[in-house]
Amino acid sequence: MTKHLPKFILALAASLPVAAFAQTTITPFSDQTSLLPSSVFHSGNAVGVCDMNGDFKDDIVRDSMNKQMYIEFQQAPNGTFAQTAYNTGSFGSPWGLC
């Protein structure tokens, strides 16, 4: 047991700075819903985040129960979003988005 003690102490000492750093890098959440052009979406809508137009900014893709898909294109430099709606046809009510 004592022959493994130096390795244990070394491993513990090496992990302490990582644990201390992890405590200081937490970013607080702030509600920025007001940046979206519409707040009529509710729980149950499929949502995804990706760059839909190649501008290296995250866009929000949302499906709705009214057979429409909405893309919230992030605007630069103010961070607001511009909404575009697309008709999804007769797919029915979506419950997922890939």
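Me: Is Leu97 buried, exposed or partly exposed?
Reply: Leu97 counts as partly exposed because its relative accessibility is 33%, where buried means under 20% relative accessible area, exposed over 50% and partly exposed in between, with a 1.4 Å probe and protein chains only. This is a predicted model, in which local features need pLDDT of at least 70 and side-chain atom pairs count only at pLDDT 80 or more, while totals for chains, interfaces and linings use all residues. Residues are numbered from 1 along each chain as its sequence is written, and side-chain values use heavy atoms, with hydrogens and water left out.

Me: Where is Leu97, and what does Leu97 touch?
Reply: Leu97 sits in the segment after strand E4 (81–87), and, leaving aside residues up to four places away in sequence, Leu97 touches Ala46, Val47, Gly48 and Val61, a contact being heavy atoms within 4.5 Å. The C-alpha atoms of Leu97 and Ala46 are separated by 5.6 Å, although these residues are 51 residues apart along the chain.

Me: Which elements does the chain have, and how do they run?
Reply: The chain has 1 helix and 4 strands, running α-β-β-β-β from the N terminus on; helices (H or I, at least four residues) and strands (E, at least two) are DSSP runs, numbered from the N terminus.

Me: Switching topic, how many salt bridges does the structure hold?
Reply: The structure holds 1 salt bridge, defined as a side-chain nitrogen of Lys or Arg within 4 Å of a carboxyl oxygen of Asp or Glu. Glu72 lies in strand E3 (residues 68–74) and Arg62 in strand E2, so this pair ties together parts that are 10 residues apart in sequence. The N to O distance between the side chains of Glu72 and Arg62 is 2.6 Å.

Me: Are Glu72 and Arg62 buried or exposed?
Reply: Both Glu72 and Arg62 are buried.

Me: And what about Asp59, where is that one?
Reply: Asp59 is in strand E2 (residues 59–63), and Asp59 is buried yet has no salt bridge, the nearest side chain of opposite charge being Lys57 at 8.7 Å; for charge, Lys and Arg count as positive and Asp and Glu as negative, while His and the chain ends are not counted.

Me: Which backbone nitrogen lies 2.9 Å from a polar atom of the Asp59 side chain?
Reply: That is the backbone nitrogen of Gln74. Gln74 is also among the residues that Asp59 touches, a list including Gly48, Cys50, Ile71 and Phe73 and not counting residues up to four places away in sequence.

Notes:
Polar contact = N/O pair within 3.5 Å; in protein donor to acceptor, adjacent residues only side chain to side chain.
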